[in-house]
Amino acid sequence: MSVNGGGSLRETLGVTKDPEFYLKLLDGWERHAPNESDRDAIDAQLKARCMAANRPDLHATFRTQLDQAFTLMKQQNVVAYFAATGETTSKAYVPGTMFATIRRSPNGESLDAYVTHAIQQYGAKPLFGDKRFIRFERESRKEIEGGSIVVTSIVYVAPVPGSNRRRGLQLTATIARPAEMAATDPKFIGWKTALDVCASTLRWAPPA
């Protein structure tokens, strides 16, 4: 939001910008901004792949799904997302995505009540014992063509420095596995561990 064509409302009111955040990403993963240029770039990649596979009919379906995904990210105020869109020679593929949002308490209070709720309702715990983070999981089962999948969402929340715990960076990683794959499967546990390690590398830097 801007005022008289100037900077953001926060800047106009003299409020300091939040610091930038960075993650050490998994091999082949890249950071993306949920904007129109990024959407257009992904759409061009999807179109090229469909044409290369001689399936131009699939492009319209993929484009609809892409538009829906970007609309949802806008509604949820996603500030960045991470996915395996880059080149990689590694066989340790993690079939998931991670979304970053800024969580705020509804009345400008600290996020302590939210953290307490997450601990009581979802069993949230510090990530690798680091009390800067809380981490919890949620699962849901979805029916798709040809079978069922289990979707696991792993949520990590860390306070934004300088916010007096009134704002927190929330990273939500989502991975899906076949319904017949047990939650104790070593491959699935490896995927979750890789995402945990990625989230644990969170670092902050002064705003641009």
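Strand β4 (residues 96–104) runs antiparallel to strand β8 (residues 167–178), and 9 bridges join the two. T97 stands opposite T174 in β8. This is a predicted model: local features need pLDDT of at least 70, side-chain atom pairs count only at pLDDT 80 or more, and totals for chains, interfaces and linings use all residues. Residues are numbered from 1 along each chain as its sequence is written, and side-chain values use heavy atoms, with hydrogens and water left out.

Strands here are DSSP runs (E, at least two residues), as are helices (H or I, at least four), numbered from the N terminus. Two strands pair if DSSP finds at least two bridges between them.

The open sheet has 7 strands in the order β2-β3-β4-β8-β7-β6-β5, with antiparallel pairing. Its edge strands, β2 (30–32) and β5 (125–127), each pair on one side only.

Two further pairings involve β7:

| Strand pair | Bridges | Sense |
|---|---|---|
| β6 and β7 | 11 bridges | antiparallel |
| β7 and β8 | 11 bridges | antiparallel |

E139 has T152 in β7 as its bridge partner. For I154, the partner is A173 in β8. The hairpin of β6 and β7 has 2 residues between the strands, and G146 takes a positive phi near 95° there.
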